[in-house]
Amino acid sequence: MHRIDLRSDTVTKPSKGMLDAIYNAPVGDDVFHEDPTVNKLEDYVAEMFGMEAAIFCSSGTQTNQIAINVHVRPGDEVITHVDSHVYKYEGGGIARNSGASVRLLDGNRGRLRVEDIANWINNPEDVHLPLTRLVSLEDTANRGGGAIYDFEEIKRISTFCKANGLPLHLDGARLMNAMIENNVPLKEYANQFDSISLCLSKGLGAPVGSVLIGKKDFIKKARRVRKVFGGGMRQAGFIAAGGLYALENNVKRLKEDHKHAKALEQSLNELSWVKEVIPVQTNIVVFVLNDHDRRDNIIAQLAEKGVYVMAFGPGMIRMVTHLDVTSADIDQTIHILRSLS
Ligand SMILES: *Cc1c(COP(=O)(O)O)cnc(C)c1O
C-alpha cells in the first residue's frame with residue numbers, strides 16, 4: 001500500500017539529485033578542518049545569513065545544546081517558552097549538559113513577548129536569584145502548530161536583550177518555513193540573534209544535520225563544545241553535501257508544503273468529529289477531536305489506510321507536510337479523512 005507519512009518532516013529521504021551530490025562530494029577529516037564539503041556548507045550558510053561563521057553538527061538538539069553551553073554557566077537561568085524544544089524535547093539537556101536552570105514562560109502558540117521576558121529578568125544584585133543569562137526563542141514554534149513570530153516582536157525582544165546584555169538564541173529548526181512565508185530576509189533575522197540553529201533534515205530534506213550560526217568567536221567556542229559533546233565528525237562531507245543540496249534546491253518549494261497544509265486544514269474544518277484546527281501558518285497542522293478518547297482509534301484507522309500521523313497531546317493529532325508528500329497524497333489523505341465516521 002502507498003504510504004503517506006505525515007508524522008514529521010524529518011521522515012524525508014534523499015532524492016536522486018541529492019544522492020548524486022552526496023556520492024560525488026569531496027571529503028576530508030573535518031576535525032582537522034580538512035573536509036572541503038563541510039567547509040563549503042559552513043561558508044555557504046554564514047554567507048546566506050550574513051553572519052561571520054557557522055558550524056555543521058549532527059542534529060538540531062546538538063546545535064541548541066552547544067549554543068546554550070557556550071552562552072551560559074552552571075547555575076545561570078535560561079528564559080524560554082514552556083513548550084519549547086530546547087526544554088521539552090532535549091532530554092533535560094539544559095540541566096544535564098550545562099547545569100543551568102530555566103524560567104519557563106507561557107505565550108500564544110509557543111511564542112514569547114517582550115513584556116513577559118522583561119518581567120522575569122532577575123536582579124543580578126540579589127544573591128538569592130540565578131543570573132538570567134540567555135533568552136531562547138523558537139521560530140517556527142513546533143508545539144504552537146508551526147506558528148511564525150511577528151518579526152516586529154523579535155525586534156523588540158532583540159532590542160531589549162541587547163540593552164540588558166542578554167544573549168538571544170533562535171531555535172530556527174524550521175526558520176526557512178517562517179522566512180518563506182513572511183519574506184523577512186535571513187540577514188534581518190541574523191541581525192537580531194547572537195546564535196541561530198537551523199535544521200537541514202526537516203522540511204529541507206537532507207538526511208542528517210543542522211547548522212549553528214554566529215560570530216567567529218562564538219563558533220570557535222562552539223567547535224570546542226561540539227568536540228566535548230562527542231560531535232566531532234570526520235568525513236562528514238558526505239552528509240554535509242545533502243545539506244548543501246537541500247539549501248540550494250529545497251527552500252523555495254517549502255511554499256508548496258504550506259499550501260498542502262492549508263488544504264488539510266480546510267478539509268479538517270469541515271469534519272464533524274474535529275472540534276478545532278489550529279490555524280495553519282506553515283507546514284504543521286494540529287487539530288483537536290470532539291471526543292478526546294477517539295484519538296488513538298483515529299490514528300490507527302488512518303494507518304490502516306496508509307496515512308501516518310502523530311498523537312500530539314490529549315485529543316490532539318499532528319500532521320506535517322514535507323517534500324516527500326505530493327499533491328496527490330494530500331488529495332488521497334483528504335479523501336480518507338472524509339471516509340472516517
Ligand atoms: C526537530 C527540532 C529540533 C531538532 O531536533 P533534532 O531531531 O535533534 O534534529 C529543534 N527544535 C525544533 C523546534 C524542532 O522541531
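**Exercise 1. In which loop is T140 found?**

Before you start: this is a predicted model, where local features need pLDDT of at least 70, side-chain atom pairs count only at pLDDT 80 or more, and totals for chains, interfaces and linings use all residues. Residues are numbered from 1 along each chain as its sequence is written, and side-chain values use heavy atoms, with hydrogens and water left out.

Solution. 
- Step 1: Find β5 (132-138) and α7 (151-163); T140 is in the loop between them. Helices (H or I, at least four residues) and strands (E, at least two) are DSSP runs, numbered from the N terminus.
- Step 2: Check the backbone there: a cis peptide bond joins D139 and T140, with omega about 0 degrees.

**Exercise 2. Find H33 and describe its phi.**

Solution. 
- Step 1: Go to the loop between α1 (16-23) and α2 (36-49), where H33 lies.
- Step 2: Read off phi: H33 isn't a glycine, yet its phi is positive, about 65 degrees.

**Exercise 3. Which atoms of G60, T61 and R174 lie how far from an oxygen atom of the ligand?**

Solution. 
- Step 1: For G60, take a backbone N or O atom, at 2.8 Å from a ligand oxygen.
- Step 2: For T61, a polar side-chain atom lies 2.6 Å from an oxygen atom of the ligand.
- Step 3: For R174, a polar side-chain atom comes to 3.0 Å from a ligand oxygen.
- Step 4: Now the cover: alone, the ligand exposes 380 Å², and the protein buries 84% of that (Shrake-Rupley method, 1.4 Å probe).

Methods: Polar contact = N/O pair within 3.5 Å; in protein donor to acceptor, adjacent residues only side chain to side chain.
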